[in-house]
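Hello,

Here is the structure for you to look through. My notes on its aromatic rings follow below.

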Amino acid sequence: MSDMLDLIADYIGVKKGLSVNNPANGQHITTVKDWQEDEVDRAIVAAAEAFKTWSGQTAKDRARILQRWFQLIMEHQEGLARIATMECGKPLTESRGEVAYGAGFVEWFAEEGKRTYGDVIPAHAAGKHILTLKQPIGVISAITPWNFPIAMITRKIAPALAAGCAAIVKPAEATPLSALALMVLAKKAGVPEDVLTVVTTTDPVTIGKILTTHPIIRKVSFTGSTAVGKILMQQAASTVKKTSMELGGNAPFIVFDDADIEAAVDGAMASKFRNAGQTCVCTNRFFIQDGIYDEFLRLFTAKVAALKVGPGKDAATRIGPLINEAAMQKVAKIVSDTIAAGADLHLGGIRHPAGDNFYAPTILTNVTMDMPAANMEIFGPIAPIIRFKNEDEVIAAANDTPYGLAAYFYARDLGRVWRVAEALEYGMVGINEGILSTEVAPFGGIKQSGIGREGASCGIDEYMEIKYCLMGSG
Ligand code: ADP
């Protein structure tokens, strides 16, 4: 067994359970526990007990522990990155970046936990006083995806723990090892037993149901597909739980005639091909204005053709595998259906010889909004390109989707920059930037891309309740 798994040796290598495989070569890595319903129920009850003590500590005490957790994560940056690459496939440089990004939430919320101020409000009548307190919501559950196996956990758990909540995390079936490694480091840092429990399972439907309906759980935080998010919201409705939903996207990337074309091409590469296109903020549709279309396509094509495809562990790799065969088939079908609908294959369009789960970086041109590549979430290294003439037309097309997570545009005319930024119906807009995630800014979507925000000073409010106290003069 490889050295980097030593950290989680106590939690892996079980005889029967959830099998973890490397998407780059299909090899079995190890097997982890398959939690049963009664065990999850006991963990929730234990979390409720642990919550009493944890929430009773000062924010400063919790901050010290979270700061140690941050330091331990960064000390283990390389090992964690290797685990993430091994189970989710992304290039090692991206995994190292993800560890630092994920750790950033722990550092940020360690501090924010100390600033969950209430208010003293001038009262509505003489002799009365109005105060508000912010209090931790209780035991929360977090259900996370495989594409950021580290950061999607810290983005939820760091604010939850900083607020004083206890948490049960269910990572994706494909990536339980990163989650277990984070939990081990949290315990080393001093997070008490039962304040943080990672529940690994082969049966997300059954375990997900417990995590969204158990009366002790007070809040559900989910990152994943819109389809699953809707199911979880329905389940959470049965006991009126607070929910945060980070769901799918259909990000437009618009390049106007007045843009810095080279900067736009760099931004396009970053926003499209990170994690082989498997992020919810990855560009899904490129809109390029008439006047610079040919130049953009020429420069973009040269860069896409040069992308090195291979296993994430190789230093030169920029595009790793897709997560599994089902993802591969979905991407291949979007490409073939889009071509059948009239688009042109400009580059790629084939499985890549690097291995079973590898798809060649692909560019489709002459794409229109009614084609699958423009209206389905692709989650693969496919760039559909749409040519447009004017601002009104492109804003209407960009907003013509049930999603509203991230959007990007490149322009230099100041009037246009404001107009377009305001007109795009998205929770996040990158203006002359292709990557916008950071722990200091609010991440989240509108429309069917979700509810709530993660990161920033508002990220901790998702795990707190406001209590209003009216005090009379008695
Ligand atoms: P993706 O397409 O990124 O895999 P999913 O929404 O299918 O997105 O998965 C995200 C997370 O949701 C994973 O942890 C997965 O196990 C979990 N999940 C999937 N289906 C359900 C369900 N019915 N109930 C609870 N969790 C689920």
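**Aromatic rings**

Both F256 and F388 are buried, meaning under 20% relative accessible area, where exposed is over 50% and partly exposed is in between (1.4 Å probe, protein chains only). Please note that this is a predicted model: local features need pLDDT of at least 70, side-chain atom pairs count only at pLDDT 80 or more, and totals for chains, interfaces and linings use all residues. Residues are numbered from 1 along each chain as its sequence is written, and side-chain values use heavy atoms, with hydrogens and water left out.

The whole structure holds 11 aromatic pairs. Rings of Phe, Tyr and Trp (its six-membered ring) pair if their centres lie within 6.5 Å; planes under 30 degrees apart count as stacked, over 60 as edge-to-face and the rest as tilted.

One of the pairs is Y101 with F105. It is edge-to-face, at 5.1 Å centre to centre and 70° between the planes. Y101 and F105 are 4 residues apart in helix α4 (residues 92–112), so about one helical turn separates them. Helices (H or I, at least four residues) and strands (E, at least two) are DSSP runs, numbered from the N terminus. Y101 and F105 are both buried.

F256 and F388 also pair edge-to-face: 5.5 Å centre to centre, 85° between the planes. F256 lies in the loop between β10 (251–255) and α9 (261–273), and F388 in strand β14 (residues 382–388), so the pair ties together parts 132 residues apart in sequence.

There is also an aromatic cluster, formed by F253, F273, F286, F296, F300, Y408 and Y410.

Best wishes
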